[in-house]
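Here is my note on the model. Please keep the structure open while reading; the points are numbered for reply.

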Amino acid sequence: MELRDGERKLIGRILEIYSYDMDFFANPFTSGESPVFGSLETFKLLFAKGNCSDWKKAAVLAYLNGNGAKLKLAVAEVIGDLKKDKLETSFSPAQVGSPVFKLVEGEISSLLKKNFSGQSMVSPVEVGELVGSSATAYLDAQEVLSKHLLVLGTTGSGKSYFTKLFLSRLLSSDPEVKLFILDPHGEYREGLLRFGVDESQIDELKIKDILLPVFPEEVEEQIRQEGYPSLVSGNTNEAKKNRAHLSRYIKPSLSLTGFREKDLKDIISGLSDREGEKEALLSSLSSIYDGQKDLIEKLESTLNSNKRVVIFNFGSVSEPSTRVNVSGLIMRELFDKAREDKKKRFLVLEEAHNFAPEKGFGDTSAGKGNLALIMARKIASEGRKFNLGLGVITQRPAQVSKYILSQTNTQVMFRTINSSDLDVISSFVEYAGKDIVSLLPSLQTGMGIICGMGAPFPMVVNIK
Ligand SMILES: Nc1ncnc2c1ncn2[C@@H]1O[C@H](COP(=O)(O)OP(=O)(O)O)[C@@H](O)[C@H]1O
Ligand SMILES: [Mg+2]
């Protein structure tokens with residue numbers, strides 16, 4: 001809506017509309033007047049204000065519409081002062097009694113292609129329509145890529161749909177950017193194809209459900225759990241030698257890991273053992289101890305793929321440590337590559353609470369042993385220097401590392417009901433007012449609030 005106060009034009013957003021029947025509220029003891037609202041005289045005063053012809057028109061329209069005792073009250077939030085295609089912060093309220101109009105779309109269309117700093121968007125990507133109008137809403141991909149994106153909302157609220165739509169349009173609007181997607185449900189390949197991305201642009205690696213330790217302590221723990229603690233625990237020469245053996249091969253880095261040459265079974269075969277325990281240990285190993293070498297090779301070749309979209313499909317991985325270790329190795333490699341060549345890359349972390357939790361979420365650790373968390377934090381804080389952007393998608397913002405959340409400067413928020421998630425949202429989404437956050441629980445699927453550096457102002461958008 002537009003509020004006209006003399007020469008000044010203020011743009012606002014209607015948050016709620018209440019419909020009242022004055023008869024219903026009429027109080028018989030106050031001679032027909034409502035105890036809830038001001039007296040009829042107050043309303044007359046408003047309509048009679050000055051010589052404003054707009055108010056007179058409004059009064060005539062109200063009379064012709066014959067609304068009787070029915071009254072509608074709208075609550076609106078002022079977004080800013082419109083000055084020559086630019087939206088500036090409003091420093092003072094409009095005068096009481098200033099008339100309100102429905103916004104003329106042409107008037108804001110140029111506004112919608114500006115980012116939060118009021119600059120024209122460098123690469124506007126169409127994301128849908130402003131709710132309540134047919135105006136097209138855009139996100140500035142430049143801001144998203146350089147300052148990270150957060151997409152949140154409860155399960156089924158439209159996060160992944162939005163992300164696929166955004167990524168597919170990003171690919172056509174920016175010929176340089178390369179996408180890397182960590183896809184826990186294996187849904188992105190098909191989703192992107194549906195949004196028109198060409199099959200020849202996509203490379204997908206399906207991650208096998210095998211163990212891929214990145215810290216020697218993980219294997220030591222595994223050996224203890226299998227029932228052979230003396231092989232790796234304590235101060236015996238043998239245990240010390242074995243710990244050194246494991247740390248020589250098991251490393252949190254694709255280029256250093258011993259799995260480039262050997263499978264886990266081979267590494268364990270190299271342990272020293274006088275009691276004959278190793279054989280028993282090896283025979284109790286299941287097939288998940290095989291295939292590390294193959295996986296490392298595939299990870300490397302997929303990371304070097306010349307396709308524009310690279311998907312790591314974790315759909316069949318049930319082992320939580322594999323999920324965080326493999327994604328941690330991928331992120332580390334991407335970070336190192338970005339540091340070297342500074343090419344434009346965008347990394348998508350779907351279901352980020354599984355990779356980079358605030359506290360241990362489910363089976364995922366939040367401590368030093370979580371390579372994915374360590375690398376996601378690093379990319380969140382330093383990625384922008386090397387053109388490595390991060391997209392964090394989550395249904396549980398309260399469970400995602402606060403540090404990572406605080407590094408995302410554009411937010412797309414879908415329906416959110418959980419009160420601890422709503423608390424987190426109000427505490428870190430600095431661009432959106434309280435009122436707009438209060439809309440979150442009632443948003444329909446596919447309707448999102450977009451705010452932050454990549455949007456002109458907090459907008460409610462039908463994603464399409
Ligand atoms: N903007 C939209 N337009 C049409 N359908 C949508 C839209 N957003 C979501 N959907 C549909 O709603 C369902 C849930 O959306 P999805 O994005 O998978 O949810 P989430 O990732 O938040 O769990 C999907 O079937 C999806 O196709
Ligand atoms: Mg999803």
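At what angle do helix 12 and helix 13 pack, and how far apart are their axes?

1. **The helix pair.** Helix 12 (residues 292–303) packs against helix 13 (residues 320–341) at about 35°, and their axes are 11 Å apart. Axes here are lines fitted to C-alpha atoms, for helices over the stretch in contact; angles run from 0 to 180 degrees between N-to-C directions. Helices (H or I, at least four residues) and strands (E, at least two) are DSSP runs, numbered from the N terminus. The crossing of helix 12 past helix 13 is right-handed, a term for the near helix being turned clockwise from the far one by less than a right angle.

2. **Basis.** This is a predicted model: local features need pLDDT of at least 70, side-chain atom pairs count only at pLDDT 80 or more, and totals for chains, interfaces and linings use all residues. Residues are numbered from 1 along each chain as its sequence is written, chains are lettered from A and ligands numbered from 1 in the order in which they are written, and side-chain values use heavy atoms, with hydrogens and water left out.

3. **Who makes the contact.** Helix 12 contributes Leu295, Ile296, Leu299 and Leu303. Helix 13 contributes Val326, Leu329, Ile330, Glu333, Leu334 and Lys337. Contact means heavy atoms within 4.5 Å. By class, the set has 8 nonpolar, no polar and 2 charged residues. Ala, Val, Leu, Ile, Met, Phe, Trp, Tyr, Cys and Pro count as nonpolar, Asp, Glu, Lys and Arg as charged, and the others, Gly among them, as polar.

4. An open sheet of 11 strands runs in the order 7-6-16-15-14-8-13-12-9-11-10, with mixed pairing. Strands pair if DSSP finds at least two bridges between them. Strand 7 (136–140) and strand 10 (202–206) are the edges; each has a single partner strand, so one side of each is left without a neighbour in the sheet. From one strand to the next the twist averages 25°.

5. Strand 6 (residues 124–130) and strand 7 run antiparallel, joined by 5 bridges. Gly128 stands opposite Ala137 of strand 7.

6. **Helices on the sheet.** Helix 12 lies across strand 9 (178–183), strand 10 and strand 11 (309–313), at about 155° to strand 11. Helix 13 also packs on the sheet, touching strand 9, strand 11, strand 12 (345–349) and strand 13 (388–394). The direction of helix 13 makes about 165° with that of strand 12.

7. **Strand 15.** How many residues of strand 15 are buried? In strand 15 (residues 447–452), 6 of the 6 are buried, so the strand is largely enclosed by the rest of the structure. Buried means under 20% relative accessible area, exposed over 50%, partly exposed in between (1.4 Å probe, protein chains only). Strand 14 (residues 410–413) pairs with strand 15 in the antiparallel sense over 4 bridges, and Gln411 has Cys451 as its bridge partner. On strand 16 (residues 459–463), 4 bridges make another antiparallel pairing with strand 15. Ile450 stands opposite Met459 there. A hairpin of 6 residues connects strand 15 to strand 16.

8. **Salt bridges.** The structure holds 21 salt bridges, each a side-chain nitrogen of Lys or Arg within 4 Å of a carboxyl oxygen of Asp or Glu. Lys208 and Asp294 form one of them (3.3 Å, N to O). Lys208 is in the loop between strand 10 and helix 8 and Asp294 is in helix 12, so this pair ties together parts 86 residues apart in sequence. Asp294 also bridges to Lys298, with the closest N and O atoms 3.1 Å apart. Relative accessibility is 45% for Lys208, 28% for Asp294 and 36% for Lys298. Lys293 and Glu297 meet in a further salt bridge (3.6 Å, N to O); they are 4 residues apart in helix 12, about one helical turn.

9. Glu220, in helix 8 (residues 216–225), counts as buried at 10% relative accessibility. Beyond its neighbours within four places in sequence, Glu220 contacts Val232, Arg243 and Leu246. His245, in helix 9 (residues 237–249), is buried at 9%. His245 touches Ile267, Gly270 and Leu271, not counting residues up to four places away in sequence.
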